[in-house]
Amino acid sequence: MKFITINILCSVLLLSCNAPVKSAKQIDDNNSSWYFPEWAANAQYAPTFEMLDTESSLGPYAKQTKTITMKDLVKMHGHLCDGLVTASCGLRLGLNRLYPDGAIDRTDTCCITNNSPCFGDTASYLTGGRIRFGTQKIDPNMSNELIIYRMSTNQAVKISLIKGVFPSELAELEKKIKSGDFTIEEMRLCQQLGWDFAKNLINKPLSESFVVENINNFVWKPDNYIYQGKRSDIINKNVR
C-alpha cells in the first residue's frame, strides 16, 4: 500500500511538472478583480501615471513610457485602502507640477512621506524613490502630506490634504483600532468608512481635496542608511 501511494504521488508530481505554463496574459485574463471593486475601476478621477524608466539593468532610457493605474498600485501594496488612494491622488497633482509635459521620470525623482505602509509604498512606486539609494526619506512627523523632488531641475513641491477633508469619525476610529482596544464591528466599520472616503476622493476633481505648494531653495539630504548604494540601472540612461 505504501509503494502504491508513493507511485501515485510521483505520477501527480510528474504531471504537474509537465503541465503547460500559463502566460502572463492568460493569468490576467482569468484572474478576477475581487481586490479592485467597480467603484474604484470606474471612478471618474482615479489617477493614472505615464512612467519613463530605463529599458534594462544597464541600458538607456526606454523609447516608450508605461502606464500605471491604481489597480497596479493595489497589486504592489497588497490592498485598496484610503491611504493608497489619498497618496496616489496627491502624487498625481504634485507630479503634474514637476512634470508638466506628462511623463514621470522614475530615475530623477525623490520622495518624503510619513511612515505609514500606504504612503511610503505608493510614493516609492510612483517616484522610484528608495531609501537604500538615498532617494526616499521618512518623516514620522508628517501626516496626510507628501514631498516630492525632481533632481535635474531642483524643484520640490509639498502636497497636503486640505484640512477638514479627512473625516474626523474615521480618524478617531483608526486611532482606537491602532490602540488594540476595539471590536470586530468597529474594525469593519473603519474599513468601510475608509473605502467611502476613498470613493469620494476619486469621484471629484483632485484639486478640491489637495493643495500643492512649491518649496523654494529646497536641499535634498538623504537619510542615513548603512547599506546605501548607487543605482546601477540608471548609470547609462543617457547613452544612445
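1. Two strands are taken to pair if DSSP finds at least two bridges between them, and helices (H or I, at least four residues) and strands (E, at least two) are DSSP runs numbered from the N terminus. The model discussed here is predicted, so that local features need pLDDT of at least 70 and side-chain atom pairs count only at pLDDT 80 or more, while totals for chains, interfaces and linings use all residues. Residues are numbered from 1 along each chain as its sequence is written, and side-chain values use heavy atoms, with hydrogens and water left out.

2. The protein chain holds eight helices and eight strands. Of its 240 residues, 39% are buried, meaning under 20% relative accessible area with a 1.4 Å probe and protein chains only, whereas exposed means over 50% and partly exposed lies in between.

3. Five strands form an open sheet with mixed pairing, in the order β5-β4-β6-β7-β8. Its edge strands, each pairing on one side only, are β5 (136-138) and β8 (210-214).

4. Within this sheet, β6 (residues 145-150) and β7 (residues 155-161) pair in the antiparallel sense over six bridges, and R150 stands opposite Q155 in β7. In general, strands of a sheet pair through backbone hydrogen bonds, either parallel or antiparallel.

5. Where does Y227 lie, and is Y227 buried or exposed? Y227 lies in the segment after β8, and Y227 counts as exposed because its relative accessible area is 63%.

6. Among contacts (heavy atoms within 4.5 Å) in the protein chain between residues at least 6 apart in sequence, 71% join residues at least 24 apart.
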